[in-house]
Each structure stands twice: as C-alpha cells, then as structure tokens.
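Hi everyone, thanks for making time this morning.

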Amino acid sequence: MKRQSAQEIEAEAFRWVMALDRKDDPRGQRRLEAWLNGDPRRQGAFLKAQAMWAAMDEAAKSQPLFVESVRAATPVPRLDRRRLLAAGVAAGLAATLGWGLRPETYRTARGEQRTMPLDDGSAIRINTESALSVAMTRAQRRIRLRDGEAWFRVAHDKTRPFVVEAGRVAVQATGTAFAVRREADGVDVLVTEGTVDVWNLDAPGRKVSLKAGQSLFVPKALDLPNAEKVQDDAGAVSRKLAWREGHIELDGETLATAVSEFNRYNRVQLQVTDQALAQERLFGVFRVDDPDGFVQAVQVSLHASIQHPARDQIALTRPGGAPSKKNS
Amino acid sequence: MTLRADPKVVFWVSQHILPYEAKVRQSLARARVPEADIDDLLQEAYCRLCALRSVENIDSPEGYLFRTVRNVLNAQIRRRRIVRIDFVAAMDLLAYADEHPSPEEETSYRRYLSHVREAMLSLPERCRRILEMRKIEGLSQREIARKINVSESIVENEGAKGLRLITQALRARHGEDAPEIQWRRRARD
C-alpha cells in the first residue's frame, strides 16, 4: 500500500473533527478509533486538528467574526463595507479590553444578515434592517432589540439569565433558542428549543411561558402577553425563521403579507394595487433576495400582471382589474 | 495505548503549542528541509504529544515543542543511517531557536488567534457559512446539510476545506512570526 503523505492524513483528520458531533455518537467514535489505529501518525494529525478546532472557538469568541453575510442581490447603497468592518474591529477591541461603559450596538443594513458569537458561548443571528445592543454583566446577559428581528441560541448559565427586551416586552431564557421580532404593531416571540418566559417590564408578575414550537404575538396596544394567544405550531415557527437560511416560506399567507416580507430585504419594492389580489393566499419557498422570482411565481399562479411605476418598484395587479382600467 | 489525547492536552496544545508551530517550521525551512519532511516531522511530534498524561509540569511549552521536534529528528537521523545535511543543520537551528524563546507567551497566543481569525474571515462564502453554523450556531453536520439543502458529504468536504485553507494561511505567515530571532549559522563543533 502506498504510504499516505502527512498532508493527506491531515486532510482526513480535518474531516473527522468536522464530522464528529458534540452529541454522543458511539458508532462514529468506533469508526474514529479504527481510523486512529491504522497509523500512529493519524493520532498526531487528529490531535492537531482538534487543537485547531478549539483555537477557532477561542478566535471566534466575543468577536463579530463572521461580519456581513450579505444576501441582497442588488447592492444596497447604505451598506459601507469598510465602515462595517471598522465597526467590527472596534467592537472586537472593546471586547478584548472588557465591556466598556456603554453596551455594544450592532446594526444590519437592508438585505444583510449577520451571526455574532458572544463571549459566553451564545450566538445571535441578526436579520435584515435590525439593531440591537448587548450588555454582559456578571449578573445578567441583556440584549435590547431596538429594531427588526434576531434569533438567539443561548448558552446554558443558570446564574446569568439571558434577557431580550423589545420595547416594554421582555423575554428570558437560561439555555435555549428563540427569536424575537419587532413589528409595527407588536412583538413576536418564537421558540425553537427549550422554554422562555415572556412578560411586560411594567408587569413582571404576569409571565407567560412558551416552549419549543410555540410562538406568541404581543400587540403593541397592550404590550401585555396573553397566555391564551400562545400558538402551538412548530411548523409555523420554523417557517417564520426560514430567513436564517435566506428563505421566505409561505404557507397560506396573503399576498399582502408576502410582499411586505420581501420588501424588508430588497431595494426593489413590491406593491399590490388590487385589493382582491392582495388577499389571495400563497404557498412556496422563495429566496429573500429574489423578488423577481417571486413576482414571476405570482404572475403565473395568481394570473397577475406587473407594472413598473418607478425605478426599483414593481406593482402587481389583475389584468383588467379595477384600478388600472382606463378606457371604457 | 493512547489513541486520543486527553481533552486537557488538546486544550493545552491549542493554547501553548500551535502558536509556536510556525517558528519550528521556519527553523526547519531555513535548514532547507523540504516541506513534505517538515510536515512529517511535525506530525510525528504531535503524535508524541498525544501520549502526554499531564501538562501541568511543563514550564515552557515552546521549549518542550522544540525539544520534541529535535527528538523526532534525532530518531530519524539514527534510523536512516545516511546523514542528511538538512537534518543536521535543522538540529542546530532548532537548538539555536530554543535558546531564544519568544518574548511572551500571552502575546504569541493572542497573535496566533488573530491570525486564525483573519484566516477564518477570508474563507470562501459557503465554506465560512458552514463553519459558522457548525461552530457558532452549534449545529451538527446533518442539521447543516438539511438547512442549506446539500448532502452531508458536501458539508463535510466544505468544512474540511475550510480547515485546510486556514492551515495554509497560517503556514504562509511563517516569516512574520519570529522576527526577533537573528538567524545565523553556528559553526558545528
């Protein structure tokens, strides 16, 4: 048998660290042992690969490392790459010097998504046009969602509750994953793992518990979470969080809702000029940065036609529909 | 027999050994040891570190790494019988570098981490996203595959590619790492 080169062995060792999940996997472990047994050099390569894997964790901690996963198909003028990178570096510097007096603020442009690791091992995925600030103290991990939407995977730490505030609405977790979205008329809380408590900061005694697969919309007028309004639909939660993979998933939403979803991500803005058309319901998975593909699907499935009233604007209407009827 | 290093040893290696690998590589390259042989020597050195039971008593990990590599070299020289000029020169240079330790451990580690960070940032998009999901969002390979709608083997390939690219980027930084060493060939006695 041909002798494996050190580089070949190293490449295999990288596959092993990549493939081995943190959870117990006895079969994978046995296969790994067999591989390690095949050549003592593999044991050295695997040690190095594991050490590098650990170093990458350290390198990623408390740094907005993976700055900018820009998904916008059309360049967004407000997005200044250099400025964003500079902000990342500044934040990184602040993190190495310890948390400053002011909490860190992170902002995403339209069409931009960003994943941010925190130094406690938690991670935040920030959606388009959002802003949040992070304040880590010994007693608490506090996030203020100022605008938009974010999903949180919280590292378990009973001594330091993880609290997300969106206006007067607060959501608390110890070790779990959930998303919070600020909308014009209220705050939506979606739980993907574990449990969270939702309450109003002015009424901390009235907490509503949500578990994985549940969601709760807290309307702005009241800002008080209502236990009777808890939705128990894991499919809906995962559809609403499809943005994390760059998708919009529609499962019977109205065209009006779908259009406002697309408009969050793109410079090209869609509008529906026909009331009946706006209430039609849609199904399907689309890319957040592909409004054209979505418009095509609407044209075909709802027999809609399109107009371009201005640059970067697409109006959807019914052929011969009321608003655009001219000569009759 | 120890197949896998103790988790404590893994962490120790990531913190105290990896930052000095570039310096060892630099010494060996100066002695004109071909790159494939450098890879072999280091792999063998890591293999020896694998057998460590405890690391508490190692005062200078940098010195320990240099000594380990020299032991590996020595064993090779003895085994081969044919004297390789590059290996002999490498013994000298390693001894010299070992006598001139890096200024401060903490600094070396920080610099190493910042190199790793830079390398991670310059990965191709898909590769980066996959490592990001794996490391930061804590997803398994299977979960990532399902999410981005590709096969598990593609996820594995991309992740392994990312690690390889990071290793290459770190290797390319040899020269910058130990500018404080004034290299000169010492006469052998």
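Let's start with a hairpin: two residues carry chain A from β10(A) into β11(A). Before I go on, a word on what we are looking at: this is a predicted model, where local features need pLDDT of at least 70, side-chain atom pairs count only at pLDDT 80 or more, and totals for chains, interfaces and linings use all residues. Residues are numbered from 1 along each chain as its sequence is written, while chains are lettered from A and ligands numbered from 1 in the order in which they are written. When I say helix or strand, I mean a DSSP run, H or I of at least four residues for helices and E of at least two for strands, numbered from the N terminus. Two strands pair if DSSP finds at least two bridges between them.

Strand β10 (residues 177–183) and strand β11 (residues 186–193) of chain A run antiparallel and are joined by seven bridges.

Now, the sheets. Chain A has an open sheet of seven strands with mixed pairing, in the order β2-β5-β6-β8-β9-β12-β13. β2 (104–107) and β13 (203–211) of chain A are its edges; each has a single partner strand, so one side of each has no neighbour in the sheet. On average, neighbouring strands here are turned by 20° against each other, direction ignored; the axes are lines fitted to C-alpha atoms, for helices over the stretch in contact, and angles run from 0 to 180 degrees between N-to-C directions. Within this sheet order you will find β6 and β8, and β6 (residues 141–147) pairs with β8 (residues 162–166) of chain A in the parallel sense over four bridges. A:I143 has A:V164 in β8(A) as its bridge partner.

Another open sheet has three strands, ordered β17-β20-β19 (chain A), also with mixed pairing. Its edge strands, β17 (269–272) and β19 (305–307) of chain A, each pair on one side only. β19(A) and β20 (residues 313–317) of chain A are antiparallel over three bridges, and A:Q307 sits opposite A:A315 in β20(A).

A quick stop at the backbone. Most residues other than glycine have a negative phi. A:E129, in the loop between β4 (123–126) and β5 (131–136) of chain A, has a positive phi near 45°.

Finally, the contact between the chains: 38 residues from chain B and 41 residues from chain A take part, where contact means C-beta atoms, placed from the backbone, within 7 Å. On the chain B side, α2(B) gives the largest share, nine residues.

Terms used: Contact = placed C-beta atoms within 7 Å.
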